[in-house]
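Welcome to my notebook. I went through this structure one topic at a time and wrote down what I looked up.

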Amino acid sequence: MEHPPSPLIYVSRLVKLPLLDGEGTPIGRIVDVVLGPPSGGEAPRVNGFVVVVQRRRIFVNANRVGRIDASGVELRSGAVDLRHFHARPAELLAHQQLLDRQVDGEIVNDVALRPSGGRSWEWEIAALSLRPLRSMRRRARSRVVPWTAARALFDFGPLGEEVGATRDLHPADLAAALRAMPLEHRRQLASALEDDRLADVLEEMSEEDQLRLVEGLDAERLADVLEEMAPDDAADLVGEMPAPMRVQVLDAMEPDEAGSVRRLLLYDVNTAGGLMTPEPIVMPPDATVAAALARCRDGEILPALAAQVFVARLPLSTPTGTYLGSIGFQRLLCEPPGMPLERCLDPEPRSVRPDLPEIQVAKELAAYNLLALAVCDDAGRLLGAVTVDDVLDRTLPEDWRGAGR
């Protein structure tokens, strides 16, 4: 059975569409499409979009997009970063840099995009619309050709080739490859990586290697990368920075993101508070099992955090109201979808104080076969959760990342 061809959307139409929030309300206007280098024989992919919001040109990462169609580009959730857009090395702007370029006696009339994977934010270059060089009308006698017919247009430079070659590497493998490079070249390649990709790589490095790598980034770029990292990992890195650099970077971050990092910096790094993430899945007691499972399926949530749902009274952002207990993903699968979470809780919820030493946290996780453990203050409010991967990262030898790689 043949599958229908993937829908195409043209850049000249896309740049006229609104950016919509998760509720479908316009919050800005698309003005360009940011392209990244291809990997191997693949097509150049869409890294994100340049959007005008409140007269500012900002960048919206493609992984924040839930839908692209004739009504606009709709975000899945979350706020947008209002810092001014700056193109990175190894990126091209489809509208600004490709349209009206000459190709063998013809002019690029338009650029067609298509979905490239199973996820809503994965799009790539599909084709080019070309018109005769002598014609001034954009729609005159145009013809559509595969993007490979004009490969020379998609020149991302030598650095772009390296970025493309690393696209399919696991972050841990890319981190190992970076450690083997001379420092200056390592920093050049890091500057060309997308924010979320660089964040993933930094999380696979020791704090010493992280610092050496990010010292080549300006404060605004580093703030963008830190906002893509897990808050506990971001706090570990910020805590290792010299004081002037730490102040500068925290001031450049979004207030909410900086606030989470500042709260984590209050705790000793070798305690439950220093290990925890302040962003576990937290739901009210009257939420249903079905709603909890839907949250666990969110692809943006780390697997270790998605394995456990924490239940607390309002407010649900940490520090929460009174902590009531947690429910494992496996238990949720065994309960009726409409059952309230408060009826699934263990009668004696387990939690630890933020000042508990990390070795005691590890023992608690092991003794009760937990993937995540609640961290609560003296008032019984949930501050965050320690996951088993955080504990493993701390209890392994300091050089474990380089050993045997």
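Which side chain does E91 meet in a salt bridge? I looked it up: E91 meets the side chain of R88, at 3.0 Å from N to O. A salt bridge here is a side-chain nitrogen of Lys or Arg within 4 Å of a carboxyl oxygen of Asp or Glu.

**Ground rules.** I am reading a predicted model, in which local features need pLDDT of at least 70 and side-chain atom pairs count only at pLDDT 80 or more, while totals for chains, interfaces and linings use all residues. Residues are numbered from 1 along each chain as its sequence is written, and side-chain values use heavy atoms, with hydrogens and water left out.

**The pair again.** I checked how covered the two partners are. Buried means under 20% relative accessible area, exposed over 50%, and partly exposed in between (1.4 Å probe, protein chains only). E91 is buried because its relative accessible area is 11%, and R88 counts as buried at 11% relative accessibility. I also found a network of salt bridges that links R88, E91, D195 and R221.

I noted 18 salt bridges in the structure. One of them joins E228 to R64, with the closest N and O atoms 3.0 Å apart. E228 lies in helix α8 and R64 in the loop between β5 (56–61) and β6 (65–69), so this pair ties together parts that are 164 residues apart in sequence. Both ends are partly exposed: E228 has a relative accessible area of 26%, and R64 is at 28%. For these labels, helices (H or I, at least four residues) and strands (E, at least two) are DSSP runs, numbered from the N terminus.

**A closer look at E124.** I found E124 in strand β11 (residues 123–132). Is E124 buried or exposed? E124 counts as buried, because its relative accessibility is 15%. The side chain of E124 meets that of R114 in a salt bridge (3.0 Å, N to O). That pair links distant parts of the chain, with R114 in strand β10 (residues 106–115) and E124 in β11, 10 residues apart. R114 counts as partly exposed at 30% relative accessibility. Contact means heavy atoms within 4.5 Å. Leaving aside neighbours within four places in sequence, E124 is in contact with residues including A43, P44, V46 and L113.

**Nonpolar cores.** I looked next for nonpolar cores, meaning sets of buried Ala, Val, Leu, Ile, Met, Phe, Trp, Tyr and Cys residues joined through side-chain atoms within 4.5 Å. The largest has 50 residues, and L202, L226 and M241 touch the most other members. Apart from it lies another core of 38 residues, among them L92, L128, L130 and W147.

**Helix α5.** In α5 (residues 183–192), I found R186, R187, L189, A190 and A192 buried. These buried residues pack against α3 (157–165), α4 (171–179), α6 (195–202), α7 (207–214) and α8 (219–228).

**A three-stranded sheet.** My last stop was an open sheet of 3 strands, in the order β16-β17-β18, with mixed pairing. Its edge strands, β16 (351–352) and β18 (382–387), each pair on one side only. Two strands pair if DSSP finds at least two bridges between them. I saw that 2 bridges join β16 to β17 (residues 372–376), and these strands run parallel. V352 stands opposite V375 in β17.
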